[in-house]
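Thank you all for coming; I would like to walk you slowly through one model this morning.

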Amino acid sequence: MTLLPSLPDSAATTRLTVDLAALAANWRLMRDLSGSARCGAAVKADAYGTGADRAAPRLAHEGCRDFFVADATEGARLRPLLPDARIFVLNGIFDASFAETLAHDLVPIVNSPEQAGFWRANAGGRDYALHVDTGMNRLGLTAEQAAAHAAAGGPAPVLLMSHFACADDPGHALNARQIRHFAGVAACFPGVEASLANSAGIRLGPAAHHQLTRPGIALYGGEPVTGVENRMAPVVTAETRVLLVRHAGAGQSVSYGAAHELSRDSRIAVCGVGYADGFHRSASGAGVPLRARVPQGASGAIDGVRVPVIGKITMDLTMFDVTDLPEGAVKPGDWVELMGPTINVEDAARAAGTISYEMLTSLGRRYERHYRD
Ligand SMILES: *Cc1c(COP(=O)(O)O)cnc(C)c1O
């Protein structure tokens, strides 16, 4: 077979490389920025798409002891890999998750007075955490409900927590209000550890740190603060393979809807990645009327040189304009970087009109995964 001469053994057309050493370095930076607080890790959504079965044990090896998952099913999967860790369940507790929570020694983060009552009545004094809402209006007891919970006596939570709504925007007035509000609630729970800061919250300084921080996105290489250069080490490299290189003349169009008309004779690398892989259709080179910030769409990179996506991204295929690279420099079987050391995950996200969180968590199942440490 000489059709795809540079193909190695694997037939995959998408490849994901997760750098566990970079993950560990990002965690150490977040730990150091957390001051005297312990640093935990949010590993929900399969550790933001990086693979929780590899990422979480690596973080534990680095010294992380407190892990946050979304639901009991995620926690159950991690328990055998984290025998000594505390695994907190952010989405709390309900009837059908109760048995799994107990069986895997998970710590539910109780989110309402009803959940608190349920745990108290059924869990025989087992550890729980308490979430207080200080401005999200998502999960958590109100400050008044939390004060009533404290006043009612009974076993105290092992952790009191709340969550920032706007920490990515350090100047937002709600940050200071949430910090004040949470400190007031924490005063009702003397001796109970408290946790407020996600990745961006850690950057808000000591008033946000309390005893435990909960970074997520920064560990996986995203910049938590909006509008600044990404200070985190890249963890995820996503690549796709060139399937064929075609020539097309000026005036012809590319992809569905004929939304991209070629202004010059062009060479087009057709690659084996599409929106089914989480390379969002909204990152298309043309034909996305709602995307305002980056009208030209996403780019790939070949040997560090950017090549723009042209036309609409399709389910399994994406076209890149490689006309500016020397003739013959791109051939079937070559790899094109979609995000990684050249295309920052934040830039890839902006080009798709979304955030790095969504880019990472929507990386599809077809990627062939590699881990580097
Ligand atoms: C996801 C999540 C985190 C981590 O947030 P990042 O912004 O990714 O650092 C922390 N706390 C809660 C409650 C979360 O849901």
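Let me start with a term: a crossing of two helices is called left-handed if the near helix is turned anticlockwise from the far one by less than a right angle, and right-handed if clockwise. This is a predicted model, in which local features need pLDDT of at least 70 and side-chain atom pairs count only at pLDDT 80 or more, while totals for chains, interfaces and linings use all residues. Residues are numbered from 1 along each chain as its sequence is written, and side-chain values use heavy atoms, with hydrogens and water left out.

Helices here are DSSP runs (H or I, at least four residues), numbered from the N terminus. The crossing of H1 and H3 is right-handed, and the axes of H1, residues 20-33, and H3, residues 52-62, come within 10 Å and cross at roughly 50 degrees. An axis is a line fitted to C-alpha atoms, for helices over the stretch in contact, and angles run from 0 to 180 degrees between N-to-C directions.

Turning to the domains, whose bounds come from an automatic or database assignment, we have domain 1 (34-220) and domain 2 (234-372). Their centres, taken over C-alpha atoms, are separated by 37 Å, and nine residues of domain 1 are in contact with eight residues of domain 2, where contact means heavy atoms within 4.5 Å.

Finally, Phe-67, leaving aside its neighbours within four places in sequence, is in contact with several residues, including Val-43, Leu-59 and Phe-88.

Note on methods: Helix = DSSP H or I, 4+ residues; strand = E, 2+ residues; numbered from the N terminus.
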